[in-house]
Amino acid sequence: VSGVVVTEQPVASFDEFVASRGAALWRSAWLLTGDNQLAEDLVQTALGKSWSAWDRVSANGSFEAYVRRVMYTTYVAWWRRRWNGERPTADLPERPDPPAPQELRHDLVRALATLPKGQRAAVVLRYFEDLSERQTAEVLGCSIGTVKSQTARALAALRASSVLRFEEES
Amino acid sequence: MSDEKHLRDLLSEVVPEAPPNPSRAAAARAYAAARRRRRIAIGATTAAVVTALALPFALADRGGEQAESPTTGPEDPAWRWVSYRDVEVKAPAAWNFDYEALRPDCIDRRTPRHDPWAKDVPRAPYVMVGVPNRPVLLIGCLHDPAPGDPDPAFGDLPFTLWQPFVKLDEARPDLGYPDRNDGQWQYRDWRLTRATIDQVQITVLASPEDPSLGGSVLDSVRRVETTSLGCEPGSPVQAQRFAKPSGSPVPAADQVASVAVCEYSRRQGHAGLEGSRRISGEAARDLVKAINAAPAGGGPDDPDNCVDDRYGDSAIALRFFANPEQTSTPLAEAYVYYDWCFGNGIIDAHGKRHLTKANCAPLFAAPPISLWSGQRRIVAFCGPLGAR
């Protein structure tokens, strides 16, 4: 029984979707995890969980929203279980040619890492994905009020860090 | 510029470009296929488990009849009953009680056998029941998942240190830990089976030498009103405040053939029978003598260390039997309090006695009842700490 359904899926179109949108998904995942490999794991897990719904969901053009929802809910649930809210931040991921000053990235990644997972997901959805509060609530499966309180707390925490003072000081 | 606008800009600036990964879609499909295979496998085994469990429960519930007494009927000497709360299973009689490693996640994967964190890893097949007062180190050791790692359901212990085990513990679905989910998994011919009966979770890790162990253990599940060692699933001793037994006081030593030592968790929302042992013969009579010879009044207490409205996390009920095989209608009961800064001592229907080395140390002499933490003077009488 196992595995035979693989050949029944529209592999080519799914591959095209991943090829075109995989990098964008990875960038959101990176902001959630702060780590290249964990971001890749998160994207692949979300894609793997979503693939069985490709036929049903892709027909109306909403597959990317579906994958993103799976990715964010997986992130919140997965990290709650596996990492229990703790991530070491002493060793930051190494990348060549930083697009922003290293110090800034260091501060932001460290500040994001201190946020509870729900707050971090809300911040990335609201301020990186540019979703509205309603859309963010739909992705996370919570109320708009929860999104408001989560983002307010996250912003308060980030204000206490050096991140949001960066501009004033520079 | 507002904070929110500023944060938007910063997030866009710092996020790196995604590294190229042409195999991303293929990896996702492989993940989906593996996930589907596992779901099918779990579905099949779950049906089998439910069938296996339904039979003994149906028998136990039949017309108000009690479950068959473990002391009646032929028993296979290769197996023994192991109890936790009101659930009993049969486990291999040759396996000793032991405790799983405290921090398996901290053991170095490269040299697991020689890692200091591996010192408390059982080195032989074992049986484990809930440990109500074991301290937990509030640290965590993260290690990168590697290709070919076992499913998280197997926990963090490195494969080379695995030993088969049977474990009964409190079901905690609220924790959401992947290594506490029910189901069945396989890794290199080792089989892990986990099933929950109300508040009790049963876990069996079977080695390739005995792949049917999980089925055998789950086939034996039964619910009892009194365990095979003579303990009750619940006791007044598990209440938040101190209790006094009714009935007779501790009898004279020559009337006692056996003592059931029943340890209870007293934690609110998690109270009930944990570990239990049976002390028989001369050792039982020595224990009774030591209890009767102890000074009247409680202690030792250290009230300077007290916190209001706390009474300790665990306590022991002693049940004194005239017959070595008897499991119900004891001659008397006594409650042993040792886990807090006041109220310590042994209480029977007549009064309270002081804890001494002679009347307390035997209670913690062997798993599955161990003293993991305590006031200094309690440890001096009842220790050693964390006895294996």
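Student: Why is strand β2 of chain B described as largely enclosed by the rest of the structure?

Tutor: Five of the six residues of strand β2 (residues 87-92) of chain B are buried, so this strand is largely enclosed by the rest of the structure. Please keep in mind that this is a predicted model.

Student: Which sense does the pairing of β1(B) and β2(B) have, and over how many bridges?

Tutor: Strand β1 (residues 79-84) of chain B pairs with β2(B) in the antiparallel sense, over six bridges. Within that pairing, Y84(B) stands opposite V87(B) in β2(B). The two strands form a hairpin with two residues between them. In the turn, R85(B) has a positive phi of about 55°.

Student: And what joins β2(B) to β9 of chain B?

Tutor: Two bridges join β2(B) to strand β9 (residues 222-223) of chain B, and these strands also run antiparallel. Here V87(B) stands opposite R223(B) in β9(B).

Student: What holds such strands together in general?

Tutor: Strands of a sheet pair through backbone hydrogen bonds, in either a parallel or an antiparallel way.

Student: Next topic: what is the strand order in the open sheet of six strands?

Tutor: The order is β11-β10-β12-β13-β14-β15 in chain B, with antiparallel pairing. The edge strands are β11 (272-280) and β15 (352-353) of chain B, each of which pairs on one side only.

Student: How many bridges join β13 to β14 there?

Tutor: Three bridges join strand β13 (residues 332-337) of chain B to strand β14 (residues 345-347) of chain B. Y335(B) stands opposite I347(B) in β14(B).

Student: Stepping back, how many helices and strands are there in chain B?

Tutor: Chain B has six helices and 15 strands. Of its 388 residues, 48% are buried. Among the contacts in chain B with a separation of 6 or more, 70% are between residues 24 or more positions apart.

Student: Now D169(B). Is it buried or exposed?

Tutor: D169(B), in strand β5 (residues 165-170) of chain B, is buried and yet has no salt bridge. The nearest side chain of opposite charge is that of R180(B), 4.1 Å away. A salt bridge requires the nitrogen and the carboxyl oxygen to be within 4 Å.

Student: Which residues does D169(B) touch?

Tutor: Not counting residues up to four places away in sequence, D169(B) touches Y84(B), G130(B), R180(B), Q199(B), V200(B) and Q201(B). Y84(B) is the residue that stands opposite V87(B) in β2(B).

Student: On to aromatics: how many pairs are there over all chains?

Tutor: A search of the whole structure finds 16 aromatic pairs. In one of them, F159(B) and W190(B) have ring centres 6.2 Å apart and planes at 80°, so the pair is edge-to-face. This pair links distant parts of the chain: F159(B) is in the loop between β4 (126-129) and β5 of chain B, while W190(B) is in strand β7 (residues 190-197) of chain B, 31 residues apart.

Student: Are those two buried or partly exposed?

Tutor: F159(B) is partly exposed, with a relative accessible area of 26%, whereas W190(B) counts as buried at 12% relative accessibility.

Student: Which parts does the pair of W162(B) and W190(B) tie together?

Tutor: W162(B) and W190(B) form an edge-to-face pair, 5.7 Å centre to centre with 75° between the planes. W162(B) lies in the loop between β4 and β5 of chain B and W190(B) in strand β7 of chain B, so the pair ties together parts that are 28 residues apart in sequence. W162(B) and W190(B) are both buried.

Student: Which charged residue lies over the face of W81(B)?

Tutor: R222(B) lies over that face, at 3.5 Å from the ring centre.

Student: Last topic: how many salt bridges does the structure hold?

Tutor: The structure holds 20 salt bridges over all chains. One of them joins the side chains of D130(A) and R8(B), at 2.6 Å from N to O. That pair crosses between chains, from D130(A) in the loop between α6 (117-127) and α7 (133-140) of chain A to R8(B) in helix α1 (residues 3-14) of chain B.

Student: What about K5(B) and D9(B)?

Tutor: Their side chains meet in a salt bridge of 2.8 Å, N to O. K5(B) and D9(B) both lie in helix α1 of chain B, four residues apart, about one turn of the helix.

Technical notes. Residues are numbered from 1 along each chain as its sequence is written. Chains are lettered from A and ligands numbered from 1 in the order in which they are written. Side-chain values use heavy atoms; hydrogens and water are left out. Buried means under 20% relative accessible area, exposed over 50%, partly exposed in between (1.4 Å probe, protein chains only). Lys and Arg count as positive and Asp and Glu as negative; His and the chain ends are not counted. Contact means heavy atoms within 4.5 Å. Rings of Phe, Tyr and Trp (its six-membered ring) pair if their centres lie within 6.5 Å; planes under 30 degrees apart count as stacked, over 60 as edge-to-face and the rest as tilted. A charge sits over a ring if NZ of Lys or CZ of Arg is within 6 Å of the ring centre and within 35 degrees of the ring normal. Two strands pair if DSSP finds at least two bridges between them.
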